[in-house]
Amino acid sequence: MINLRIIDNIIFVFFTIILILIFNSKNSFSLENKILFKINGNAYTSLDYRKRIQYLDFIGTDDNLSDERILKDLISVSLFYEHYKKMGIKSKFDKEINEIYKTANNNNIKNNKKNKYQTNIEDIYFNIKIDLIRKNILEELLREKIENFQISNEEINLLYKYNIQYINFE
């Protein structure tokens with residue numbers, strides 16, 4: 001009998017301490033996850049948006065992207081990804097994804113770039129994949145439509161005779 005009473009008291013004290021810690025915690029944070037848009041019944045949320053921002057920070061060099069531009073990019077890449085899933089295309093991108101990741105990571109190390117966010121490697125790989133999907137679909141569409149352009153070989157060669165140099169300033 002005494003052992004059960006002691007165990008009950010210990011359990012009561014334990015749960016009381018837990019409740020006090022929970023209610024007095026000043027480090028409780030929560031992020032609201034809002035639905036930003038839907039495509040084919042699939043919701044894309046503010047969590048997807050944050051993952052895209054983290055990916056763009058890892059992969060890119062432009063720190064001055066506006067929220068509107070990032071959202072449009074997320075919508076664009078999501079539309080292509082939904083099209084890819086709907087068409088049932090089964091492309092393998094693993095090798096390209098690994099190469100792109102390694103190149104971006106090496107460039108970040110070489111340039112001493114410190115990422116603003118802690119990024120999850122699976123999220124980066126997924127975002128690289130959907131960028132590759134968008135790129136491949138656009139390339140395929142251009143290949144299909146290239147015959148509709150009536151450009152002579154001489155005109156095409158003229159395009160490649162120019163050497164353009166430019167400098168970007170911030």
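Modeller: Strands count as paired here if DSSP finds at least two bridges between them. This is a predicted model, where local features need pLDDT of at least 70 and side-chain atom pairs pLDDT 80 or more, while totals for chains, interfaces and linings use all residues. Residues are numbered from 1 along each chain as its sequence is written, and side-chain values use heavy atoms, without hydrogens and water.

Biologist: Which way do strand 1 and strand 2 run, parallel or antiparallel?

Modeller: Strand 1 and strand 2 (residues 42-45) run antiparallel, joined by four bridges. Strands are DSSP E runs of at least two residues, helices H or I runs of at least four, numbered from the N terminus.

Biologist: Which residue in strand 2 is the bridge partner of Ile35?

Modeller: Thr45. The hairpin has two residues between the strands, and Asn40 takes a positive phi near 50 degrees.

Biologist: Switching to the core. Which residues touch the most other members?

Modeller: Tyr81, Tyr84, Phe93, Ile124, Ile128 and Ile133, in the largest nonpolar core, which has 24 residues. Strand 1 (35-39) and helices 2 (46-59), 3 (67-87), 4 (94-110) and 5 (121-145) each supply at least two residues of this core. Such a core joins buried Ala, Val, Leu, Ile, Met, Phe, Trp, Tyr and Cys through side-chain atoms within 4.5 Å.

Biologist: What does Ile128 touch?

Modeller: Tyr55, Ile59, Ile97, Ile100 and Tyr101, leaving out residues up to four places away in sequence. Contact means heavy atoms within 4.5 Å.

Biologist: And how many aromatic pairs?

Modeller: Six. Tyr81 and Tyr84 form a stacked pair, 6.2 Å centre to centre with 20 degrees between the planes. Both lie in helix 3, three residues apart, about one turn of the helix. Phe, Tyr and Trp rings (six-membered for Trp) pair with centres within 6.5 Å; planes under 30 degrees apart are stacked, over 60 edge-to-face, the rest tilted.

Biologist: Why does Tyr81 count as buried?

Modeller: Because its relative accessibility is 15%, and buried means under 20%, exposed over 50%, partly exposed in between (1.4 Å probe, protein chains only). Tyr84 is also buried, at 8%.

Biologist: What about Tyr81 and Phe126?

Modeller: Tyr81 and Phe126 pair edge-to-face, at 5.3 Å and 85 degrees. That pair links distant parts of the chain, with Tyr81 in helix 3 and Phe126 in helix 5, 45 residues apart.

Biologist: Is Phe126 buried or partly exposed?

Modeller: Phe126 is partly exposed, at 37% relative accessible area.
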